[in-house]
Amino acid sequence: MSSALTPAAVHEWRTLGHAVVDRLAAYLEASGAGEGAVLPWREPSSSVCDWPVDGEGGADLLLLLDRVVAQSNHLHHPRFVGHQVSSPLPEAALCDLVSSLLNNGTAVYEMGPVSTAMERNLVRWMAKQLGFPAGADGVFTSGGSAGNLTALLAARQAKAGFDVWTEGAHGGRPLAVLVSEQAHYCVSRSLQIMGFGKAGAWPVPVDACFRMRPEALPDALRAARAAGRHVIAVVASAGSTATGAFDPLDDVAEFCGVNDLWFHVDGAHGASAMLSDTHRGRLVGIERADSVVWDAHKMMLMPALVTAVLFRDGRHSYQPFAQEASYLFSRQAPEEQWFNLASRTLECTKTMMVLKLYAGLAVRGRRFFAEYLDGMFGLARRFAEAVREAPDFELAVEPDCNIVCFRWTGVAAASGAPSGGDLAGAVRDEIQSRIRRRVLERGRFYLVQTALPAGVYLRVTLVNPATTDSDLASLLDEVREFGRALVGGGDAAQASAEGAMADRARPRRLR
Ligand SMILES: *Cc1c(COP(=O)(O)O)cnc(C)c1O
């Protein structure tokens, strides 16, 4: 096989491409209709044996891709209710194909003139959705984790009081950021990457709904200062990862204003709610943020990764990776080089990630995404109601968005089936984990679990427009079935013993 693009080779590629699209369409038909397993579960050690690498070549690409599709987690299946990843719009995948083939990875303008222009206008459109003023600006980057790091670097340049970028973290007082106990782990990870140490992410307690308690902020600030920390920022979540809680952004904004702190909102999951007339209210105060991270691969039906980092004052978008100490905006304006995007991102080369989002908005329009979001939030609310009404289930908290945490308590035995009685503590936690494992292995649903202060909960994120109320009713039936089998099937004593052992042996962080 020659690597030259001869007419014959291009013809072969066209035929192959049609065949790949035909197969993907068949996958969409089957998975979309709920056929087959959501995730055909395999132990990692068994899966790895299936994909050896010998470097010799000769494989049939179509057969290889067939196996990939068959063995993957099927996010278009209506019973995929697991992680916060989208069930992507099929046309967005076609945009990714175009993006890959053109390979206009943008570091500087000439490498990707179209995506550079799209990014500029898309950033401004998204900033406007947040209620940011005209001077807002930002960049796209590879995921919310990279986005939060980017925003926190800007916060540090703006508020540290010394040029950390040039002098290093040891060049001044140790820094800290006030962070909700429920923030995504990437926030504290970013701060540790930045040299703040573990105490650099100073915890702020949450209320019973897992939202940051704004009245706890003054105490947290005092405590951090008493520990010798110069506090530069507060990070709020909209919504949080475990339960989807939206922190009270307006109150946090107020606190930041009074105390001259940078206000960052991790809106990776929930910033998309700004598109919805119904749910925008959850985000009141986001327009006062200094920076916001917004993942389009969470709630805008995009394949990963496509993340916007948005700054209310667009000049800050030039600070995170400024190679010179230009944090006094008086130097030769880097804004004049706005079109060389790599000066503002962690990446040097980055993919044409904006193409799919730009095209999605151009073709479908804002209203389509708003209706999708309303649909998913509504489905979650109805599922939460069903959980609350079921006597043998318990809801962790009323959902703020499309994430619902619940557990099987086994208290009621209306049908006369074996009852779990007062499942408690380690046993109850162990049962949730075992239920989830059995659900995973059976493959009819894919859901996850999370550890909250009150114990282990099953967790669903509703992202697939094809998921119905009746799918979720079946999910409760299946969880109940496994729960009863575990409790009634003589497994209870074993679960209890193993649970208690596991409790002692490892921290209960099972997500
Ligand atoms: C998903 C998520 C992240 C991480 O984003 P990635 O795109 O997966 O890197 C960060 N914060 C929140 C609140 C999230 O939901």
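How do the residues of the shell around the ligand divide into nonpolar, polar and charged? In this predicted model, two of them are nonpolar, 10 are polar and three are charged. The shell holds 15 residues, of which Gly144, Ser145, Asp266, His297 and Lys298 come nearest to the ligand.

A polar backbone atom of Gly144 is 2.7 Å from an oxygen atom of the ligand. In the case of His297, an N or O atom of the side chain is 2.8 Å from a ligand oxygen atom. Asp295 also takes part through its side chain, with a polar atom that lies 2.9 Å from an oxygen atom of the ligand. On its own the ligand has 380 Å² of accessible area, and the protein covers 87% of this area. Two elements give two or more residues to the shell, namely helix H6 (144–159) and helix H11 (296–299). H6 provides the largest share, three residues.

The spacing follows a general rule: an α-helix has 3.6 residues a turn, so residues three or four places apart point the same way. After H9 comes Gly228, which has a positive phi, near 90°.

The loop between E3 and H9 contains Met212. Is Met212 buried or exposed? Its relative accessible area is 1%, and a residue counts as buried when this value is under 20%, so Met212 is buried. Leaving aside neighbours within four places in sequence, Met212 is in contact with a set of residues that includes Val179, Ser180, Val204, Pro205 and Val206. Met212 and Glu181 are 31 residues apart in sequence, and their C-alpha atoms are 7.7 Å apart in space.

Terms used. Residues are numbered from 1 along each chain as its sequence is written. This is a predicted model: local features need pLDDT of at least 70, side-chain atom pairs count only at pLDDT 80 or more; totals for chains, interfaces and linings use all residues. Side-chain values use heavy atoms; hydrogens and water are left out. A residue is near a molecule or strand if one of its heavy atoms lies within 4 Å of it. A polar contact is a pair of N or O atoms within 3.5 Å; within protein, one must be able to donate a hydrogen and the other to accept it, and residues adjacent in sequence count only if both atoms are side-chain atoms. Accessible areas come from the Shrake-Rupley method with a 1.4 Å probe; for residues, only the protein chains shown count as cover. Helices (H or I, at least four residues) and strands (E, at least two) are DSSP runs, numbered from the N terminus. Ala, Val, Leu, Ile, Met, Phe, Trp, Tyr, Cys and Pro count as nonpolar, Asp, Glu, Lys and Arg as charged, and the others, Gly among them, as polar. Buried means under 20% relative accessible area, exposed over 50%, partly exposed in between (1.4 Å probe, protein chains only). Contact means heavy atoms within 4.5 Å.
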